[in-house]
Amino acid sequence: MKNNHNDNNLFLNFGALKPQAPDTESALEAELRHLQETLRAEKPLKMTDGESRRVLNNLDLRLGRYQRRAVTFYNYTYRLAAVTAALFLVVMTATLTLFDMPAVTEQSATVTMATDDSDSATDSLDETYVYLLVNDYVQSQGYGSGETLLGELGDEELTYLEKNLKFGDSR
Amino acid sequence: MSYMSESDKMTTTERELVARARAGDKRAFDELVNRNKDKMFSLTYRMTGDRETALDMVQETFFTAYKELGKFRGEAAFSSWLYRIAANRVMNHIRRGRLLSFLSLSREETPEPSYIPDDSAASGELHREMYQAVAALPPMQKLIFNMRFYEELPFREIASILGRSESTVKTGYQKAVEKLRQRLKDFR
């Protein structure tokens with residue numbers, strides 16, 4: 001924590017406008033000074049030497065692994081194989097779709113109908129439904145599975161859930 | 001180990017270090033880590049209130065920075081870029097916590113900040129009260145408050161880090177201060 005604030009910056013520090021009346025100004029100034037002194041009374045938050053060493057060592061290990069992975073020949077081979085396989089699948093799917101159109105259409109219609117039958121009430125995300133679903137999962141899998149279930153969620157998924165379940169910042 | 005003299009510790013030095021780190025100079029990256037680790041720890045610790053979580057986040061922040069170094073355009077200070085990574089991590093962590101809490105998968109939403117001074121004097125009680133008040137601020141307000149009040153970043157820089165307008169940041173800060181003032185009044 002830095003300590004170069006002074007009284008001249010008091011109003012600026014707290015984003016407060018200086019009142020016109022002198023009495024009000026001195027009262028507000030005293031209040032803000034008290035607030036500032038209270039909040040600045042703590043020690044600076046720093047890592048201990050041991051913690052710092054631990055973080056740097058762990059970081060070194062991770063960076064070392066990352067660098068090795070990044071330059072490994074097998075990594076490129078693996079990626080090349082994966083891309084080739086994906087391209088092959090896309091081509092095959094396209095070919096099958098072109099030559100087997102009726103069967104695919106029939107199957108799609110069945111799937112669509114089944115979905116419509118079972119899921120007509122859940123067009124949008126319903127928080128009770130999600131709540132029950134997740135709790136069923138947690139009860140069947142045991143304590144700690146909630147973290148596992150949500151552990152892999154990315155930013156987009158979290159934003160979507162936050163918006164639809166309204167668990168976000170409401171204050 | 002220092003790469004530059006004290007007088008050169010401005011953006012030029014930082015740019016050079018970043019350039020060297022990009023070129024694969026691990027020691028240059030270590031120097032960037034050493035210069036910024038306490039800032040990142042201070043922010044993540046204040047935001048999470050948990051020392052171990054903050055240490056993990058510091059590590060994650062620098063690991064992400066290393067991986068994404070090629071994307072750093074050098075338009076802002078390197079520390080601003082790090083703050084952005086750390087802020088994203090922190091907000092993500094808090095949202096996960098809230099989601100777990102919302103779904104009743106976790107017992108507590110916000111842990112008791114472990115940096116609250118542990119003394120029994122009357123002033124210590126006031127300090128605890130105020131630290132709890134900061135900890136209880138809504139996450140975005142708390143982030144803005146910590147960046148402005150403790151890290152002393154300009155509003156413009158905070159706005160750039162958080163990808164929000166300067167006026168939004170100022171409003172968030174004023175709301176946070178107002179809540180803290182009220183808490184202080186209530187304590188008297």
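Analyst: Axes are lines fitted to C-alpha atoms, for helices over the stretch in contact, and angles run from 0 to 180 degrees between N-to-C directions. Helices (H or I, at least four residues) are DSSP runs, numbered from the N terminus. This is a predicted model, in which local features need pLDDT of at least 70, side-chain atom pairs count only at pLDDT 80 or more, and totals for chains, interfaces and linings use all residues. Residues are numbered from 1 along each chain as its sequence is written, while chains are lettered from A and ligands numbered from 1 in the order in which they are written.

In chain B, helix H2 (residues 26-48) packs against helix H6 (residues 139-150) at an angle of about 140°, and their axes are 10 Å apart. H2(B) is therefore oblique to H6(B), a class for angles that are not under 35 degrees (roughly parallel), over 145 (roughly antiparallel) or 65 to 115 (roughly perpendicular). The crossing of H2(B) and H6(B) is right-handed: the near helix is turned clockwise from the far one by less than a right angle.

On the H2(B) side, Ser42(B), Leu43(B), Arg46(B) and Met47(B) take part; they meet Lys142(B), Leu143(B), Asn146(B), Met147(B) and Tyr150(B) of H6(B). Contact here requires C-beta atoms, placed from the backbone, within 7 Å. By class, the residues of this contact comprise five nonpolar, two polar and two charged, where Ala, Val, Leu, Ile, Met, Phe, Trp, Tyr, Cys and Pro count as nonpolar, Asp, Glu, Lys and Arg as charged, and the others, Gly among them, as polar.

Definitions and conventions. Helices (H or I, at least four residues) and strands (E, at least two) are DSSP runs, numbered from the N terminus. Two residues are in contact if their C-beta atoms, placed from the backbone, lie within 7 Å.
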